[in-house]
Structures are given as structure tokens and as C-alpha cells.
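Okay everyone, thanks for coming.

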Amino acid sequence: LQHLIEDMLVLSRIENAKGDDSAIQCDLRRELLQTVHRLEPEADKQKVTLETGRMDEGLLVNCTPMRLQQMFGNLVENAIKYNKPGGKVTVTAQGQKGMAVVRVKDTGIGIAPEHLGRVFERFYRVDSSRSREIGGTGLGLSIVKHLAGLYGGDVSVESIVGRGSTFTVRLPLLLTARPEGQEGPLKDKAE
């Protein structure tokens, strides 16, 4: 009940926020690596391999570090929980066309096509019987969606039942500093 109340408060704050005054320049790679490191014991407990794949350097985004870890922590925790013993979770991050693209890919149970459009809704459960066993509040993916939106990004999912899911978060990269004396639009680091 306490987790549910905490998640509802978090979601309410995010939904009502017009922006994040505490957002700073964050090194996305560093925050992802900290999240993965924090969740390694949980993966070991579930007999799931948690690894990082391609992790581009220099992916700077305007966010709050705690919120980044919350967003990606929710995705990685789900990938571990809804996996199979001996399964794998891979986290990658790369820059593409001015966006930081983070993927959390698992070899778990997957999500049926009829559920894909609803997984980011509050309290929506693909398999409520399994969800009760695993725990959770049913708000994690909704929090991820709203956090991504708060920072000008988005989240999507692709999945095949029995083979796993890939959640993709796209966040705008910070623009480079304008050279002294130059006017006009800033150039994007990823270009």
C-alpha cells in the first residue's frame, strides 16, 4: 500500500508539472550505468543476466538524475521481473538525429499485440495473475511515459510473445554551446 501511495504521488507530481526547475545537464550513460549496477543484485536473484551493450559517450540530456534513474529503473526492473530464469536484459544508449535513444531489451515472456497500446496506462496489467505474484503497483510504465514527456521525449514498445520486449525511450540531446560571437540556431551535438 505504501508503494502504491508513493507511486501515485510521484505520478501526480509529474502529470501536473509544467517543467522541471531542478533539471540539469545529465550524462545519460553515467545514470544508466548506475541504474544497471543498482539492479544487478535483483537480476542475480532472478537468475537473469543484466548487461549493457552499446553505450555512446557524450549523451547529455536536460533532466534530474534521480528522475532518469527512476525512469530507467522502472524499465529494467520490469525486464527482470517479466523474464525467465536464464534470460537476459540488455541496456543500450546511442545518439540518433539529436535524440538520445535508450533501449531496454529482454528475453522474457513478451506482450501480446492486443496489449501493446495499453501498457503505459495507469494500473493496466497484461497478466494480472502473474503481476500479483511479482508485485508492483501497475504505475511504473505510466511513470516512465510521463517522465519521458516531461523532458520532451517519448517511449515506445515492441514485443513478441515468448521471445521478449524492447522498450525504447527517446530524449532530446542538449545543444552545444554557441561559439563566441556567433548568432543563429545552435548546432546539435549528434549531427
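This is a predicted model: local features need pLDDT of at least 70, side-chain atom pairs count only at pLDDT 80 or more; totals for chains, interfaces and linings use all residues.

How many of the residues in helix 3 are buried? The count is 12 of 17, so the helix is mostly covered, taking under 20% relative accessible area as buried. Among those buried residues are Leu68, Gln69, Phe72 and Val76. As a reminder, an α-helix has 3.6 residues a turn, so residues three or four places apart point the same way.

Let me pick out Gln69, which sits in helix 3, residues 65–81. Is Gln69 buried or exposed? Its relative accessibility is 17%, and because buried means under 20%, Gln69 counts as buried. Which residues does Gln69 touch, once we set aside anything up to four places away in sequence? Those are Glu31, Gln34, Thr35 and Arg38.

Now have a look at helix 2, residues 28–45. Helix 2 lies across strand 2, strand 4 and strand 5, and it runs at about 165° to strand 2.

Five strands make up an open sheet, in the order 2-4-5-7-6, with mixed pairing. Strand 2 and strand 6 are at the edges with a single partner strand each, so each has one side left without a neighbour in the sheet. On average, and ignoring direction, neighbouring strands here are turned by 15° against each other. In general, strands of a sheet pair through backbone hydrogen bonds, either parallel or antiparallel.

Let's go through some of the pairs. Strand 4, residues 88–96, runs antiparallel to strand 5, and eight bridges join the two. Within that pairing, Gln96 has Met99 of strand 5 as its bridge partner. The hairpin of strand 4 and strand 5 has two residues between the strands, and there Lys97 takes a positive phi near 50°.

Carry on across from strand 5 and you get to strand 7, residues 164–172, again antiparallel, this time with seven bridges. Ala100 stands opposite Leu171 in that strand 7. As for strand 5 itself, residues 99–106, six of its eight residues are buried, so the strand is largely enclosed by the rest of the structure.

Next along, strand 6 and strand 7 pair over seven bridges in the antiparallel sense. A pair to find there is Val155, which stands opposite Val169 in strand 7.

While we're at this end, zoom in on Ser159, in strand 6, residues 154–160. With 18% relative accessibility, Ser159 counts as buried. What does the side chain of Ser159 meet in a polar contact? One partner is the side chain of Ser165, at 2.7 Å. A polar atom of the Ser159 side chain also lies 2.7 Å from the backbone nitrogen of Ile111. Leaving out neighbours within four places in sequence, the contacts of Ser159 are Gly110, Ile111, Leu116, Gly164 and Ser165.

Last stop: charges. Side chains of opposite charge can pair when their charged atoms come close. How many salt bridges does a search of the whole structure find? It turns up five, and I'll show you some of them.

Start with Arg30 and Glu31, whose side chains meet at 3.8 Å, N to O. Arg30 is partly exposed, at 44% relative accessible area, whereas Glu31 counts as buried at 5% relative accessibility.

Another one joins Lys88 and Glu51, at 3.5 Å, N to O. Lys88 lies in strand 4 and Glu51 in strand 2, so this pair ties together parts that are 37 residues apart in sequence. Both ends are partly exposed: Lys88 has a relative accessible area of 36%, and Glu51 has 28%.

Then there's Arg54 with Asp56, a salt bridge at 2.8 Å, N to O. Here Arg54 is partly exposed, at 48%, while Asp56 counts as buried at 18% relative accessibility.

Note on methods: Residues are numbered from 1 along each chain as its sequence is written. Side-chain values use heavy atoms; hydrogens and water are left out. Helices (H or I, at least four residues) and strands (E, at least two) are DSSP runs, numbered from the N terminus. Buried means under 20% relative accessible area, exposed over 50%, partly exposed in between (1.4 Å probe, protein chains only). Contact means heavy atoms within 4.5 Å. Two strands pair if DSSP finds at least two bridges between them. A salt bridge is a side-chain nitrogen of Lys or Arg within 4 Å of a carboxyl oxygen of Asp or Glu. A polar contact is a pair of N or O atoms within 3.5 Å; within protein, one must be able to donate a hydrogen and the other to accept it, and residues adjacent in sequence count only if both atoms are side-chain atoms. Axes are lines fitted to C-alpha atoms, for helices over the stretch in contact, and angles run from 0 to 180 degrees between N-to-C directions.
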